[in-house]
Structures are given as structure tokens and as C-alpha cells.
Amino acid sequence: MKGLAITHKGFEDICSKEIFELIGAKGKVLDGCVEFDCKLEDLCLLCYKAQSVVKVLYLIDTVDYSDVDDIKKSVEKINIDEWFGKDTTFCVRCMHDGDESTQDVESRVGGFILDRKKAKVKLEDPDVTFFVNISGGKAYLGVDFSGIDLSKRQYKIFQHPYALKGTVAYCVYRLAEGENVLDPFCGSGTLIIEAALHKSKFPVNFYQKDKFAFLGFKCFEKFDFDKFFDKIDKETDKSKEIKLNGFDDQLRYIKSAKNNAKIAGVEKLINFSRIEAKWLDAKLDKGAVDLIVTNPPIITQHAGPTVIQKLYDEFFHNAEFILKGKMVAISKNIELFKKTALRKKFKIESERLVWSGKQEYKVVVLSKTF
């Protein structure tokens, strides 16, 4: 059988890498998603642990897409008896990279399903959600195993105006490796919290394991989910020394980051401190940091070009001293950051465009040239 993981465009390779690490399946990288061979239990595991996925689907069919009628033959491939019992409720949800109305797709595909099975439609909390992902000229029809938006993090209670989605933050962090990791502009802590979850193998959805749609699927009537979750949870290792630092120059954001890390269950793995960029060399030894990963401040109405340029100059001056590995940065506007890096004798190893919904970001991987 096939599974489909929907992720952020531009990060499909990171998602494929994570899938291989978690279930040993080599993924086929597609536009905004990854297809892979799997067992049903593998899909449950990805819902519970994968940090790069927005949705995890049991893949029914893939077709070239021009309009909704193209999906009708895919609906005919649904094994109705596998998903519908006597009183099973269902709905259809759609994600579309174009301008077509998702509601229209959902309504018409729902009608195709009702032509095959006179079941009850329930738009809120249905037993089964059939999901249509339209991306790159293809339509993927599948069953949504999670039933929830896996890109949303329960720990993100205390916010920052420029905070990344947890899934995006994880993918940024995975672009380079390092034991001693620093986010010098941590804001509400998303990047460094995702790093802590990954390094400790602590399931990102540990605190919402009772919310998954797959718990009520007909195919799992005799499956022992308590045993399933317990086995995964025992892989968590918070005892080893994990060197993660989250710094920010504003105390209110440090407090927010600490609270979010506590809610995520990883507060003891991260050192949060109020440190300005110009004092990084006073806090950390020469070559002490393997990886800097960050979403740096950008020019705003409250922080003009002169202020941000000075901040970048101070940061790269200190990064030369403390960094022995690589730096990964993500931003809506990365150009000034890149120019400052090149002027400070850093080199650009790679860069890419990524999307979080309709929002475009640029990501750069940097290293020192000295």
C-alpha cells in the first residue's frame, strides 16, 4: 500500500529524509508531498512523531488533474467496506495550490462518494475524512489518518509576531547537523523547541494522542493502541546531555519561549537566556557552536534599515568567533542578511525558496570561509 505525506513546498527532501528515519521507507519526492510504501501502522507512527508533515494520507489514487471530474474514477477505487460501517460518518477536505475553490471540490467529491455509499455527511469531527490534495497538476485522493492539522503545535501558546510554523522550523533545523545548537534570535522558541523534540526523540504529538482519527477506524478495531504508543514513548531519551541555546534580546520573548518549551515537555533540554547579539562572544567560547539556526529580525516600521544593519554587523562579528560549523537562516526578506554575511566573509552553500501556505520564505545555508 501507499502513503502520502503532505509537507511544505521546498522542503519535500527533508520530509522524505524524516520518513526514512522513522519507518525505513524511501520516499518519492513530489510537488509539496512525498509518496512512500508503508503499512497501516506506519501511517499512525508518522502522525504521532513526524515533525515535517502537514497531513498523512492512506493514498487511494493519483490522477492528472484539470477539473473535479478527473477525481471521479479515483473515488471508484475506494474500498467502501474497509472504511464504512453501519453508522460511519464522513466528509471531504481539499488542499489546492491553485485558485479553484476548495469548497467546490469538497462538495463534488463528496457527491461522488454518496453515489457509491449512502452515508451520513458530518463536517465537524467525522469518523472518516477523505482528503484531496491538488498540487503540481496532480490530484491525490486519500484517507486522512490524523484528522487534525499536524502543522499546528499545542505548545505555541505564547506567540511572537514573526514565529514560524513548527513544521517549517523543524525543516529549517534539519538542513544542517550539529550537537551544540544556537538560535540567537529565538523569539517564542519554535526553532530550538523543534530541535529539542527531534534530538530527544520525544513525540511531537505526545499530548494529543487521543485526538487522532485513526483511533476509530474500522481497520483498527482489534489494534492495541496503548501498547503502540507506549513502545514509541519508550524511545524518548531526555537523560543525555543536549546542548541547545535560545537567546533573545527581549526578556518577554525569553519568558514566552520558556513557557512554550515547558508545554512541549522539553524545557529542561534548552538553555534560554536574554543575550544581545553583540554579547554572544562573552557568553560562548570560541568555536563552541556547531550550528546556528535562526529566523533573524527584519526591517519593520519599528526597526529601520540602520538598526537592522547594525544588528547584523554585530551578530556576524560574533558569529565568526563562536561558530565552527554551519548557519541556517530563514526569512521573508533575507537579502540584507545575505549581503552582510558575504561582507563578513561567510559563503552561501545553498539557498532555496519554501512556502508556508501562500507565504514565501527564503532559506540560506552559510559557512565560514576562514
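**Figure 1. A cluster of aromatic rings.** Ring pairs join Tyr48, Tyr58, Trp83, Phe145, Phe212, Phe214, Phe217, Phe220, Phe223, Phe225, Phe228 and Phe229 into a cluster. Here rings of Phe, Tyr and Trp (its six-membered ring) pair if their centres lie within 6.5 Å, and planes under 30 degrees apart count as stacked, over 60 as edge-to-face and the rest as tilted. Please keep in mind that this is a predicted model, in which local features need pLDDT of at least 70 and side-chain atom pairs count only at pLDDT 80 or more, while totals for chains, interfaces and linings use all residues. Residues are numbered from 1 along each chain as its sequence is written, and side-chain values use heavy atoms, with hydrogens and water left out.

Figure 2. The ring rule gives a count of 30 aromatic pairs. In one of them, the ring centres of Phe202 and Tyr207 are 6.1 Å apart with the planes at 70°, so this pair is edge-to-face. Phe202 is buried at 7% relative accessibility, whereas Tyr207 is partly exposed at 47%. For these words, buried means under 20% relative accessible area, exposed over 50%, and partly exposed in between (1.4 Å probe, protein chains only).

**Figure 3. Tyr312 and Phe337, a pair between two helices.** Tyr312 and Phe337 make an edge-to-face aromatic pair, at 5.2 Å centre to centre and 90° between the planes. Tyr312 belongs to helix H11 (residues 305-322) and Phe337 to helix H12 (residues 335-343), so the pair ties together parts that are 25 residues apart in sequence. Both Tyr312 and Phe337 are buried. Helices (H or I, at least four residues) and strands (E, at least two) are DSSP runs, numbered from the N terminus.

Figure 4. Side chains of opposite charge can pair when their charged atoms come close. Asp64 and Lys138 meet in one of them, at 2.5 Å from N to O. This pair links distant parts of the chain, with Asp64 in strand E4 (residues 55-64) and Lys138 in strand E8, 74 residues apart. Asp64 is exposed at 54% relative accessibility, while Lys138 is partly exposed at 32%.

**Figure 5. The salt bridge of Glu194 and Arg153.** The side chains of Glu194 and Arg153 form a salt bridge of 2.8 Å, N to O. Glu194 is in helix H7 and Arg153 in the loop between E8 and H6, so you can follow a link between distant parts of the chain, 41 residues apart. Glu194 and Arg153 are both buried.

Figure 6. Asp230 and Lys234 bring their side chains together in a salt bridge of 3.3 Å, N to O. Asp230 is partly exposed, at 37% relative accessibility, and Lys234 is exposed, at 66% relative accessible area. Elsewhere, salt bridges with shared partners connect Lys17, Glu21, Arg174 and Glu177 in one network.

Figure 7. Ile157, Phe158 and Ile263 form a nonpolar patch on the surface, with about 250 Å² of accessible area together. Patches are made of residues with over 30% relative accessible area and no salt bridge; like charges are joined within 9 Å, and nonpolar side chains (Val, Leu, Ile, Met, Phe, Trp, Tyr) within 5 Å. Accessible areas come from the Shrake-Rupley method with a 1.4 Å probe, and for residues only the protein chains shown count as cover. Phe158 is in the loop between strand E8 (138-144) and helix H6 (166-173), and is partly exposed with a relative accessible area of 33%.

Figure 8. Asp125 has a positive phi of about 55° although it is not a glycine. Asp125 is in the loop between strand E6 (120-121) and strand E7 (128-135), and is exposed at 66% relative accessible area. Lys201 also is not a glycine, with a positive phi near 60°. Lys201 is in the loop between helix H7 (190-200) and helix H8 (225-233).

How values were computed: Salt bridge = Lys/Arg side-chain N within 4 Å of Asp/Glu carboxyl O.
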